[in-house]
Amino acid sequence: MAMLDVQDVSVSFGGIVALNGLSFSIEEGQICGLIGPNGAGKTTMFNVISRIYQATSGRVSFRGHDLLQVPAHSIARLGIARTFQNLALFPTMTLLENVMVGGHSTGTAGFARCTLRIRTGRAERALRDEAGDLLRSLRLDHLAFHPAAGLPFGTLKRLEIARALAARPAFLLMDEPASGLTHSEVDELSETIRSIRDEFKLAVLLVEHHMAMVMGISDTVVAMEFGSKIAEGPPALVQSNERVIAAYLGTTP
Amino acid sequence: MTMPIKIRESSPLHWALRVVGVSALAAIAVYFASNAAPSTLGKITEACTLAIAAVSLNLLLGFNGQISLGHSTFAGLAAFTAGYSVNAWHWNPWVSLGVACVLCFALGLLLGLPALRLKGPYLALVTLAVAFVWPTVARKFLQQTVKASTLKGMRLRPPTWTGLANNRVDRALFLFWLSLVLLVITYAIVRNLRKSRIGRSLVAVRDNETAAAVMGVNLPFTKTVTFGISAALAGVAGWLAAAQLATLDENSFSILTSIKYLLALFLGGAATLAGPVVGAFTYFFADDLLKTNAPKWDFLPGPLSKGPVASFLLGVLVIVFVFIAPLGLVGFVKAQGRKLAVVVPPPLRPAPKASDPTAHASPAPAGEVE
Ligand SMILES: Nc1ncnc2c1ncn2[C@@H]1O[C@H](COP(=O)(O)OP(=O)(O)OP(=O)(O)O)[C@@H](O)[C@H]1O
Ligand SMILES: [Mg+2]
């Protein structure tokens, strides 16, 4: 059975139909590219999976759980983590603390235990160590004690990845991780995503406008337009699909 | 030695400095306890009470980003609970403290519910409404239940193990120590919370709610429980006030009391641990100084030298100060102190294998460090 199964999901905002009966599925360990012109509904799909938006109809199941019945804060514990298109970091916190919040779902200490400091030390140190390792693997360790506010966009995009990984996810959703990066940085990012997938054994749903990158690293690609799927399959096939070409004509050469 | 001096967090030097700092504060407390007049001790007790309220507000507003103008109501509820239960039902005052905190916690949870949907100025308005309703509720309670225009305060008898007698001087000394102990406990609760998994989640909620939820923070639970805890701690301040005041009435905990808590917090520095304490002491003694001295300043035009105008002057001073130092006294001192010495966090765990070719080494790519 597929890891994530999206069936006939629709979302509308007032009169605007953002998703219109979208269906696709992702296997464990797979990198799936989600492409489509601006406003196609890609971010909306992310927000449905992370329970920020309410689906009007349809089903989403993840490893046998009916996701649409799960509250937003329980998604992380099920093994789903994400990054945000326009950055959603904690600006006053240091990079290390940002990543440690990313690991919130791996902890258990509640209000009472934290107030009285009952058995909190060890988990705290372990989380700190792990967050430090993640910062290092994304080459952010030299900024560990720097507040997130005011750092360059590309740096913060990588911080979002480190923070998402701190939840030890089985499924990582990345919303345009390459936006604002230079050519060489994009190549490096592809490498990072692949090595993350291999090291942490996770599936990735990647939204990206950078075609060379998506086609280069995805196992399958889902193309959408106006909230509906227009093609799905291996990168080469999707890339040569007539409807996909038509949808992109004039937007991406 | 190069400036600034770097002190590693939790190193022996850091611990030594902490011990010296705490000992110095304790020594000051002992000095006052053995030398100061009861009236001075009474003032310090009042300042501690304000500090407890400001610390409680800091947990909610400073760290969790939820504003409350209703904290005077929690203090009032606790003070009335204490005053009434001790006088009318002859409750043990310590039991009344527990009950008052539980009541405040419950009312805090309740007020935390609309806070889930409202933010910033809207939340300020709702909590403001609560602060406005309190005097009416208090008046009805006085008229119908107490059948008097005031409620007697709670006379705390020093426990026998303290060796203190039940007279004015010893009671002042007892209240002085009690308020300090309660302040230390309140401070410790907020400090422990802040430096924990939950504390990080509170600040995360303040900084970006959506992201915090995606990281697994249960927003409704976290926000309402924080409201409850903050209210319960404000209740401690109210209970302590009932032990100091001879009488309580409907105006004892008006909206002005809430404003005082806010001023103390912002003067000292919101979202810092020491800020509300420093702010409360500064506010209280500046207020006291102005109130006693402003009437003597004959260079002020007649009406300007009266008591309430002293408060007005203080308000203006606080506003001007917050403009100059938006991070409050503690933020200001920290920024200056950083030029001399900084506390650096312990380093990250080193990379697993130094020879690992895949491990990326610092220093960073150019152009990233400011
Ligand atoms: N909260 C919202 N309220 C109203 N309309 C929305 C909301 N979120 C998204 N939409 C609309 O839904 C449609 C899909 O938006 P979405 O952000 O999912 O597109 P996208 O594929 O991520 O585009 P981009 O590539 O520009 O990020 C757009 O028409 C957008 O205006
Ligand atoms: Mg988008």
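These legends describe close-up views of a predicted model. Local features need pLDDT of at least 70, side-chain atom pairs count only at pLDDT 80 or more, and totals for chains, interfaces and linings use all residues; side-chain values use heavy atoms, with hydrogens and water left out. Residues are numbered from 1 along each chain as its sequence is written, while chains are lettered from A and ligands numbered from 1 in the order in which they are written.

**View 1. Confidence along chain A.** Mean pLDDT (the predictor's confidence in each residue, from 0 to 100) is 93 for chain A. A value of 70 or more is reached by 98% of its residues. Among the elements of chain A, helix H3 (residues 95–102) has the highest mean, 98. Helix H10 (residues 242–248) of chain A has the lowest, 87. Helices (H or I, at least four residues) and strands (E, at least two) are DSSP runs, numbered from the N terminus.

**View 2. The six-stranded sheet of chain A.** This open sheet has the order S6-S7-S8-S3-S9-S10, with mixed pairing. Two strands pair if DSSP finds at least two bridges between them. Strand S6 (80–82) and S10 of chain A stand at the edges with a single partner strand each, so one side of each lacks a neighbour in the sheet. Neighbouring strands are turned by 15° against each other on average, direction ignored. Axes are lines fitted to C-alpha atoms, for helices over the stretch in contact, and angles run from 0 to 180 degrees between N-to-C directions. Helix H6 (residues 153–165) of chain A lies across S6 and strand S7 (171–175) of chain A. H6(A) runs at about 160° to S7(A). Contact means heavy atoms within 4.5 Å.

**View 3. Strand S9 of chain A and its partners.** Five of the six residues of S9(A) (residues 220–225) are buried, so the strand is largely enclosed by the rest of the structure. Buried means under 20% relative accessible area, exposed over 50%, partly exposed in between (1.4 Å probe, protein chains only). Strand S3 (residues 31–35) of chain A pairs with S9(A) in the parallel sense, over four bridges. Here Gly33(A) stands opposite Val221(A). Strand S10 (residues 228–233) of chain A runs antiparallel to S9(A), joined by five bridges. Ala223(A) has Ala231(A) as its bridge partner, and Glu225(A) has Ser228(A). Two residues lie between the strands of this hairpin, where Phe226(A) takes a positive phi near 50°.

**View 4. The four-stranded sheet of chain A.** The order in this open sheet is S2-S1-S4-S5, and the pairing is antiparallel. Strand S2 (16–26) and strand S5 (65–66) of chain A are the edge strands, each pairing on one side only. Two bridges join S5(A) to strand S4 (residues 57–62) of chain A. Phe62(A) has His65(A) as its bridge partner in S5(A).

**View 5. The magnesium ion (ligand 2).** Thr43(A) (OG1) and Gln85(A) (OE1) coordinate the ion at 1.9 to 2.1 Å. Thr43(A) lies in helix H1 (residues 42–49) of chain A and Gln85(A) in the loop between S6 and H3 of chain A, so the pair ties together parts that are 42 residues apart in sequence. Relative accessibility is 26% for Thr43(A), which counts as partly exposed. Gln85(A), at 24%, also counts as partly exposed. Donors are N, O and S atoms within 2.8 Å of the metal (3.2 Å for Na, K and Ca); water is not among the atoms, so sites may look incomplete.
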